[in-house]
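Hi everyone, thanks for coming. I'd like to walk you through one structure today, so let me put it up and we'll go from there.

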Amino acid sequence: MAELARGAGRVKLEPVWDRSSLLGPRDPPRVEFPFHEFLSLDKNSLPYMEPSKPAVRECFKVKDEWLDRLKVFLHEQSGSNYTTFEALGAFIWRARVKAAKIPSEEIVRFAYATNIRRITKPQLPHGYWGNGCVPMYVQQLAEELVNQPLSKTADSIKNSKCNTTDEYVRSFIDFQDLHYHEGITAGNRVSGFTDWRHLGHATVDFGWGGPVTVFPLSRHLVGSIEPCFFLPYSSASEGKKDGFKVLVYLQEEAMVDFKKEMEKLEHIGLS
């Protein structure tokens, strides 16, 4: 659309849809992964329940220097290396659960959207313009999450990626086809995460330059009311970029304590 808006006669990459054959359910559908461990069915409730208490959005700056120290800190704990998503995701997940004061015996879930464009067999064509992702889930007891070394939480996120296979994708599609009408839900203790840093939103040019900012208008993704977004600085911020932004949606009464947890990120690894 940006190419056409800038006056191109045709786009460089022809769009492909054909969703029913590329990502449609199998005939007959078969579910080979235990999705029931993370998801449940409840005809009497909505898949995504609105919070009973006021909720607010807050945007936090995350600097490259803080992320580097966080990764070094986790490496010293475990000997493993972590991506930014694994390291910061673990930190924020724990901070959310602590701030919300979730009872220790409850199960909490980390849900994230993972790219499947190169995982499916055959791979999705380059011009496919539909969503090319499925949700992945990690779960722990709230007490374990809050008290265990942060590297263990990062490990659980890291290890969950091993489940991202073509069979997982096909099973998830089939699970939705079989049970969508029954109300698929991941419960009310889900911390959703999605990473927009590499999607290209920050540089799209419709003829008057790139965007001033990148900000989502979305709800009910990956099993939470609204996920935590990792957002890039836009092309208009050229020369001022340092790290990226994190948008968090949380109950108002928990946000004060969450901010205190996020302040620790700046100082982690210094002592």
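Let's begin with a term: a salt bridge here is a side-chain nitrogen of Lys or Arg within 4 Å of a carboxyl oxygen of Asp or Glu. What we have is a predicted model, where local features need pLDDT of at least 70, side-chain atom pairs count only at pLDDT 80 or more, and totals for chains, interfaces and linings use all residues. Residues are numbered from 1 along each chain as its sequence is written, and side-chain values use heavy atoms, with hydrogens and water left out.

So, salt bridges. Side chains of opposite charge can pair when their charged atoms come close. How many salt bridges does a search of the whole structure find? The count is 14.

Take glutamate 58 and lysine 259, whose side chains form one of these, at 3.5 Å from N to O. Glutamate 58 is in strand S2 (residues 55–62) and lysine 259 is in helix H8, so this pair ties together parts that are 201 residues apart in sequence. When I say helix or strand, I mean DSSP runs, numbered from the N terminus: H or I with at least four residues for helices, E with at least two for strands.

Are these two buried or exposed, or something in between? Glutamate 58 has 26% relative accessibility and counts as partly exposed, and lysine 259, at 33%, is partly exposed too. The cut-offs are under 20% relative accessible area for buried, over 50% for exposed, and partly exposed in between, using a 1.4 Å probe and protein chains only.

Next pair: arginine 26 and aspartate 174, with a salt bridge of 2.7 Å, N to O. Arginine 26 sits in the loop between helix H2 (19–23) and strand S1 (40–41), and aspartate 174 in helix H7 (residues 166–179), so parts 148 residues apart in sequence are tied together. Arginine 26 counts as buried at 18% relative accessibility, and aspartate 174 is buried at 0%.

Glutamate 261 is buried, at 12% relative accessibility. What does glutamate 261 contact, leaving aside neighbours within four places in sequence? Phe91, Ala95 and Lys98, where contact means heavy atoms within 4.5 Å. With lysine 98, the glutamate 261 side chain makes a polar contact, side chain to side chain, at 3.5 Å. A polar contact is a pair of N or O atoms within 3.5 Å; within protein, one must be able to donate a hydrogen and the other to accept it, and residues adjacent in sequence count only if both atoms are side-chain atoms.

Now the sheet. It is open, with six strands in the order S2-S8-S7-S6-S3-S4 and mixed pairing; strands pair if DSSP finds at least two bridges between them. S2 and strand S4 (133–141) are at the edges with a single partner strand each, so one side of each has no neighbour in the sheet. Further in, strand S3 (residues 107–115) and strand S6 (residues 190–195) pair in the parallel sense over four bridges.

Helix H6 (residues 150–160) holds threonine 153, which is buried, with a relative accessible area of 0%. Threonine 153 touches Ala90, Trp93, Gln140, Leu145 and Gln148, not counting residues up to four places away in sequence.

Last, a few backbone details. Which peptide bonds are cis? One runs from aspartate 27 to proline 28, with omega near 0°, and proline 28 is in the loop between H2 and S1. Another joins lysine 121 and proline 122, with omega about -5°; that proline is in the loop between S3 and S4. Lysine 101 is not a glycine, yet its phi is positive, about 55°. You'll find lysine 101 in the loop between helix H4 (84–100) and S3, and at 59% relative accessibility it counts as exposed.
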